[in-house]
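Have your viewer ready and your selection tool at hand.

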Amino acid sequence: MTAQPEITQRDLRTRSKEIMDAVQGGQAFTVTRDGHQIGELIPLRKRRRFVPRGEFAAMSRTAPDISLAAFRADQDATADQEQDDPYAR
């Protein structure tokens with residue numbers, strides 16, 4: 001694990017644009033107050049919109065088997081089987 005640069009609370013306040021630009025670029029910081037570490041400023045992970053086929057296949061191999069009959073029984077038990085006429089008064 002690489003050490004994160006430390007910044008003081010005052011640095012964060014006075015250099016916020018510069019620090020936020022660095023965080024947006026992937027840099028993480030440890031924030032200190034009175035010489036004590038009080039928190040971390042880290043970039044958010046970007047959500048992937050696409051999962052590669054190989055990764056999906058690897059994850060699917062360990063998934064439990066699904067019983068189609070049990071799935072349909074659960075649906076039938078919870079779904080409203082009556083057809084309501086939206087125009088009936």
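**A walk along the charged side chains**

Start by selecting Asp21, which counts as partly exposed because its relative accessibility is 38%. Keep in mind as you look around that this is a predicted model.

Lys17 has 59% relative accessibility, so Lys17 counts as exposed.

How many salt bridges does the structure hold? There are three. For the others, select Asp11, Arg15 and Glu18, which are linked in a network of salt bridges. Arg15 meets Glu18 at 3.1 Å, N to O, and Arg15 also meets Asp11 at 3.9 Å, N to O. Asp11 is partly exposed, with a relative accessible area of 25%; Arg15 is partly exposed at 30%, and Glu18 is partly exposed at 48%.

Next, jump to Thr62, in the loop between α3 (53-61) and α4. With 67% relative accessibility, Thr62 counts as exposed. Show the backbone of Met59 too: its oxygen lies 3.1 Å from a polar atom of the Thr62 side chain.

For the last stop, select Asp80, in the segment after α4 (68-78). Asp80 is exposed, at 59% relative accessibility.

Terms used: Residues numbered from 1 in each chain as written. Predicted model: local features only at pLDDT ≥ 70, side-chain atom pairs only at ≥ 80, totals over all residues. Heavy atoms only, no water. Helix = DSSP H or I, 4+ residues; strand = E, 2+ residues; numbered from the N terminus. Buried < 20%, exposed > 50% of the residue type's maximum accessible area, 1.4 Å probe, protein only. Polar contact = N/O pair within 3.5 Å; in protein donor to acceptor, adjacent residues only side chain to side chain. Salt bridge = Lys/Arg side-chain N within 4 Å of Asp/Glu carboxyl O.
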